[in-house]
Amino acid sequence: MNKIVFLLLLPVFSMAQNFSLKGNLSLQKPIDWVYLRYNDGDQLKIDSVQPKNGAFKFEGKIAEPTMASLSVKFVKQAGEEKVQRDMMQIFLEPSKMELVA
């Protein structure tokens, strides 16, 4: 009986596919962190990276194309009360993607 249950669940576990989001942001302000937030089924996934010269890369697994938010936290500049942030909505799909802004 245990073998039958395992075989029935096997397709569920194999549905997730790899995605890769590679980006390069050339913005007026220096970037401190880039954040990626998306839902994978019922789970909220949050990942972050400190870009090098505006370049960053995220990798993960998703079962289907999904909406995500890409947020940027800028380096705090002299005279600013709080750190500036910016955000955009994107679609993730199980493939290699590239974003240039």
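This briefing walks through the fold of one protein and then through some of its residues.

The model is a predicted one, so local features need pLDDT of at least 70 and side-chain atom pairs count only at pLDDT 80 or more, while totals for chains, interfaces and linings use all residues. Residues are numbered from 1 along each chain as its sequence is written, and side-chain values use heavy atoms, with hydrogens and water left out. The protein has one helix and seven strands.

**The overall fold**

- Along the sequence, the elements come in the pattern α-β-β-β-β-β-β-β. Helices (H or I, at least four residues) and strands (E, at least two) are DSSP runs, numbered from the N terminus.
- Of the 101 residues in the protein, 27% are buried. Here buried means under 20% relative accessible area, exposed means over 50%, and partly exposed is in between, with a 1.4 Å probe and protein chains only.
- Among contacts with a separation of 6 or more, 62% join residues 24 or more positions apart. A contact means heavy atoms within 4.5 Å.
- The accessible surface of the protein is about 7600 Å², and 54% of this belongs to carbon and sulfur atoms. These areas come from the Shrake-Rupley method with a 1.4 Å probe; for residues, only the protein chains shown count as cover.

- Strand β5 covers residues 66–74, and K73 lies in it. A68 has its place in strand β5, and S71 is found in strand β5 too.
- A68 is buried because its relative accessible area is 3%. Leaving aside neighbours within four places in sequence, A68 is in contact with L36, R37, Y38, M88, Q89, I90 and L92.
- The C-alpha atoms of A68 and N39 are 7.4 Å apart, although the two residues are separated by 29 residues along the chain.
- S71 counts as buried because its relative accessibility is 16%. Beyond its neighbours within four places in sequence, S71 is in contact with W33, V34, Y35, D86 and M87.
- K73 counts as buried because its relative accessibility is 18%. Not counting residues up to four places away in sequence, K73 touches I31, D32, W33, Y35, V83, Q84 and R85.

**Charged side chains**

- A salt bridge is a side-chain nitrogen of Lys or Arg within 4 Å of a carboxyl oxygen of Asp or Glu.
- A search of the whole structure turns up two salt bridges.
- K29 forms a salt bridge with E80, and the closest N and O atoms are 3.8 Å apart. This pair links distant parts of the chain, 51 residues apart: K29 is in the loop between β1 (17–24) and β2 (31–40), and E80 is in the loop between β5 and β6 (85–92).
- K29 counts as partly exposed because its relative accessible area is 33%.
- K57 and E59 also meet through their side chains in a salt bridge, at 3.4 Å from N to O. K57 is partly exposed, at a relative accessible area of 45%, whereas E59 is exposed, at 55%.

**Aromatic rings**

- A pair of aromatic rings is described by the distance of the centres and the angle of the planes. Rings of Phe, Tyr and Trp (its six-membered ring) pair if their centres lie within 6.5 Å; planes under 30 degrees apart count as stacked, over 60 as edge-to-face and the rest as tilted.
- The whole structure holds three aromatic pairs. One of them is W33 with Y35, which is stacked because the planes are at 25°, with the ring centres 6.4 Å apart.
- W33 is partly exposed at 26% relative accessibility, and Y35 is partly exposed at 22%.
- K29 lies over the face of F74, at 5.7 Å from the ring centre. A charge sits over a ring if NZ of Lys or CZ of Arg is within 6 Å of the ring centre and within 35 degrees of the ring normal.

**A residue in a loop**

- N53 is found in the loop between β3 (43–49) and β4 (55–62). N53 is not a glycine, yet its phi is positive, at about 55°.
- N53 counts as exposed because its relative accessibility is 80%.
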